[in-house]
Amino acid sequence: QVQLVESGGGLVQPGGSLRLSCAASGIIFKIYSMGWYRQAPGKQHDLVASITSSSSTTYADSVKGRFTISRDNAKNTVYLQMNSLKPEDTAVYYCSAGLGRLGSHWGQGTQVTVSS
């Protein structure tokens, strides 16, 4: 079985921080690219950040300088550190995995709400 399980979402005030985690099982984690997508109500899902098997990273322009993606191959886990959060960051965040490109596997999603 392939399973991606996200955790760490919740309610936070503008300017606050959260760290999302995605624990993977059923794949050879160290050879997979991993990424985070988000989907706000009524909007298309967007790629937030990705990290390759060689730890090369990419970020959406809207989160550059605020979010950091990282991976711990010993723990089969990818993280998304989110700082200086804005109300526009409110969305369901999904973890994804793939060989070469993302989208082969998806987590269940975790809600992030940024509000005062």
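A disulfide here is a pair of cysteine sulfur atoms within 2.5 Å. The close-ups below all come from a predicted model.

**View 1. C22 and C95 join up in a disulfide.** The two sulfur atoms sit 2.1 Å apart, and by the rule above the count comes to 1 disulfide. The pair ties together distant parts of the chain: C22 belongs to strand β3, while C95 belongs to strand β9 (residues 91-98), 73 residues apart.

**View 2. W106 and the residues it touches.** You'll find W106 in strand β10 (residues 105-106). Leaving aside residues up to four places away in sequence, W106 makes contact with L4, Y37, Y94, C95 and S96. One of these, Y37, is 69 residues from W106 along the chain, yet their C-alpha atoms are separated by 9.8 Å. The W106 side chain also reaches the backbone oxygen of G103, at 3.2 Å. Is W106 buried, exposed or partly exposed? Its relative accessibility is 40%, so W106 counts as partly exposed.

**View 3. A nonpolar patch on the surface, made of I28, I31 and L99.** Where does I28 sit? I28 lies in the loop between β3 (18-25) and β4 (33-39). With a relative accessible area of 55%, I28 is exposed, because exposed means over 50%.

Conventions:
Residues are numbered from 1 along each chain as its sequence is written. This is a predicted model: local features need pLDDT of at least 70, side-chain atom pairs count only at pLDDT 80 or more; totals for chains, interfaces and linings use all residues. Side-chain values use heavy atoms; hydrogens and water are left out. Patches are made of residues with over 30% relative accessible area and no salt bridge: like charges are joined within 9 Å, nonpolar side chains (Val, Leu, Ile, Met, Phe, Trp, Tyr) within 5 Å. Accessible areas come from the Shrake-Rupley method with a 1.4 Å probe; for residues, only the protein chains shown count as cover. A salt bridge is a side-chain nitrogen of Lys or Arg within 4 Å of a carboxyl oxygen of Asp or Glu. Helices (H or I, at least four residues) and strands (E, at least two) are DSSP runs, numbered from the N terminus. Buried means under 20% relative accessible area, exposed over 50%, partly exposed in between (1.4 Å probe, protein chains only). Contact means heavy atoms within 4.5 Å. A polar contact is a pair of N or O atoms within 3.5 Å; within protein, one must be able to donate a hydrogen and the other to accept it, and residues adjacent in sequence count only if both atoms are side-chain atoms.
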